[in-house]
Amino acid sequence: MFIESRELLIKHKIPVSRISKYWKGLEGGIVYKTACKKCGETYYPPRAECLCGGEVEWVEVDGEGIIEAFTTVHAIPKGFEWNKPYTIAIASFGDVKIMGWAEDVEVGDRVRIKTGKDETGVWKVYFEVI
Amino acid sequence: MRVGVVGVGCSKFGRRDDVTIQELAYEAVKEALDDAGMVQDDIDLSVVGSVNTRGYELMPAVPVNEYCGFAGKGPLRVEAACATGTAAVYTAYTSIASKMADVAIAIGVEKMTEVDTATSLAIGGRAGNYLWEFHQYGTTFPGYYAMHASAHMAKFGTSEKQMAMVAVKAHRNAAKNPKAHFQKEITVEDVLNSRVITYPLKLYDCSPISDGSAAAILASEEKIKEFGIDDVIWLESAGYASDTSNMTNRESFVGLKATVLAAEMAYRRAGIDDPVKQLDMATVHDCFTIAEIMAYEDLKFCRKGEGGKFVEMEESDIGGKLPVNTFGGLKAKGHPLAATGVAMVYEVVKQLREEAGDLQVDLKNYRGLIHNVGGTGHFAFVMLFRR
Ligand SMILES: [Zn+2]
């Protein structure tokens, strides 16, 4: 025997003020990482402060990446049920690794980085096989 | 000061529509108390491990603690994703070792089937770093491990067939474990032909969504003498580590660094340099078949890249060089997150006491290992137990 619980819908407001340049960058086709001016550490996802206390600057990620891992998701989670199976990949671009959506990739493929908006209006990174 | 396990309990794992989280917890607690020959009053501290992001009771520690008869003795609530169980055991262990308690109980309990599968996937997919993973890319828990599998296959030639062999072994053992979620043997073909969940992982590569509970009672050596308990399994050594929340910040995807570091710590403290020779059995965190293959390597049961071969050569079977996941593993016994780590203690204690029935391994060293991973290598605990 069951009793149904009262419904609880949760939708959060995520503060992105300190890294707003990243999100605006995606809209302009640019993927940013941050780099510390003092110790040289780079951050992706970007963070607005370095652990060493130094000031960070915004640096564009570009050039060729190499696919290190990927999966094609067939069992779709809630929030993505509008979509067909999709492929998530991780590619290395020099000193950072980046997650993105891709099509028909294999580990070792060379890719270019792009940005785009999915059907729900969320901006993200896409990889294009070279 | 030595700390020993004096009582263990474990519920039936599976879809447990018949019980609330507190009723489920009490099944394991009752068994553990009976096993130790103790009553609630003998316990100083209760540690309740529960993730319970899928259950209706979002803050379950107090209801669970009260229902089990420990009101006033805690609870300390512990959460470390899928490693919550061992985090609870570690908390009980250090409380006793630091003399803040003489007898402590670690309870791991999880209700996972109160929501639908798509919701469950969306919760598990939030295990890393939400904004950069789930929000943008729709990561799922199987998806994270599938990415590891793709990297392992590309680098070492690990095959889907070798991964399937992990599942076949798990089901073979679980078939003899009445508390396991699944009691059905499967074949390599069954695994290879099952539907794709997230390439390259298929349905039978994945642990099920299970409800379950487990409990372990730990006590100081002094208290153990006072109670006149002679059959004690000592917690010999414990190691812990963690890794980055974002998968993209990991050095490599062919293993879990947190496991390597936790094992090094536990091995160093116990003087282990050849685990296959020095241990009689191990339970490792096989939430997905690839996870068990990586665990063999990261725990130094074999060299990096040879995990697929290790299962193929039947080294991890009961009767093999080092039996692994003798009660069916997360894969077939079930993986109720917080219960998992404590159920590993249950398994190692039953094995070292020679109470494992049809699943009993041969004992030479009277030493066993447990390995419990939280998230996708976000946390790792490795513990060694000795009779
Ligand atoms: Zn810096």
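Between chain A and chain B of this predicted model, 16 residue pairs are in polar contact, both residues being at pLDDT 80 or more. A polar contact is a pair of N or O atoms within 3.5 Å; within protein, one must be able to donate a hydrogen and the other to accept it, and residues adjacent in sequence count only if both atoms are side-chain atoms. Salt bridges between chain A and chain B number zero. A salt bridge here is a side-chain nitrogen of Lys or Arg within 4 Å of a carboxyl oxygen of Asp or Glu.

The model is predicted: local features need pLDDT of at least 70, side-chain atom pairs count only at pLDDT 80 or more, and totals for chains, interfaces and linings use all residues. Residues are numbered from 1 along each chain as its sequence is written, chains are lettered from A and ligands numbered from 1 in the order in which they are written, and side-chain values use heavy atoms, with hydrogens and water left out.

The interface involves 37 residues of chain A and 36 residues of chain B in contact (heavy atoms within 4.5 Å). The two chains bury about 3,000 Å² between them, and 70% of this area is on carbon and sulfur atoms. Buried area is the accessible area (1.4 Å probe) that two parts lose on being put together, summed over both. A:Lys78, A:Lys97 and A:Met99 supply 19% of the area that chain A buries against chain B, more than any other three residues.

Several elements of chain A give two or more residues to the side that touches chain B. They are helix H1 (20–27) and strands E4 (64–73), E5 (86–93), E6 (96–102) and E8 (123–129). Helices (H or I, at least four residues) and strands (E, at least two) are DSSP runs, numbered from the N terminus. E4(A) gives the most, with six residues. By class, the residues on this side of chain A divide into 28 nonpolar, four polar and five charged. Ala, Val, Leu, Ile, Met, Phe, Trp, Tyr, Cys and Pro count as nonpolar, Asp, Glu, Lys and Arg as charged, and the others, Gly among them, as polar.

Strand pairing also crosses between the chains. E4(A) pairs with strand E5 (residues 196–199) of chain B in the antiparallel sense, over two bridges. Two strands pair if DSSP finds at least two bridges between them. A:Val73 has B:Thr198 of E5(B) as its bridge partner. E5(B) also pairs with strand E6 (residues 201–202) of chain B, again antiparallel and over two bridges. Here B:Val196 is partnered by B:Lys202 of E6(B). A hairpin joins E5(B) to E6(B) through one residue. B:Pro200 lies in the loop between these two strands. The peptide bond from B:Tyr199 to B:Pro200 is cis, with omega near 5 degrees.

Chain A comprises one helix and eight strands. From the N terminus on, its elements run α-β-β-β-β-β-β-β-β. The C-alpha trace of chain A spans about 60 × 35 × 25 Å along its principal axes. The radius of gyration of chain A is 18 Å, whereas a compact globule of 130 residues would have a value near 14 Å. This radius is taken over C-alpha atoms, and the globule rule is 2.2 Å times the number of residues to the power 0.38.

Chain A contains an open sheet of three strands in the order E2-E1-E3, with antiparallel pairing. Strands E2 (42–43) and E3 (56–60) of chain A stand at the edges, each with a single partner strand, so one side of each is left without a neighbour in the sheet. Strand E1 (residues 32–36) of chain A is joined to E3(A) by five bridges. A:Cys36 stands opposite A:Val56 in E3(A).

Over all chains, the structure holds 33 salt bridges. One of them links A:Arg110 and A:Glu64, with the closest N and O atoms 2.8 Å apart. A:Arg110 lies in strand E7 (residues 110–117) and A:Glu64 in strand E4 of chain A, so the pair ties together parts that are 46 residues apart in sequence.

Chain B has 15 helices and 11 strands. Its radius of gyration is 19 Å, close to the 21 Å that the globule rule gives for 387 residues, so chain B is as compact as a globular protein of that length. A cis peptide bond also joins B:Gly74 and B:Pro75, with omega about 0 degrees. B:Pro75 is in the loop between helix H2 (61–67) and strand E3 (76–78) of chain B.
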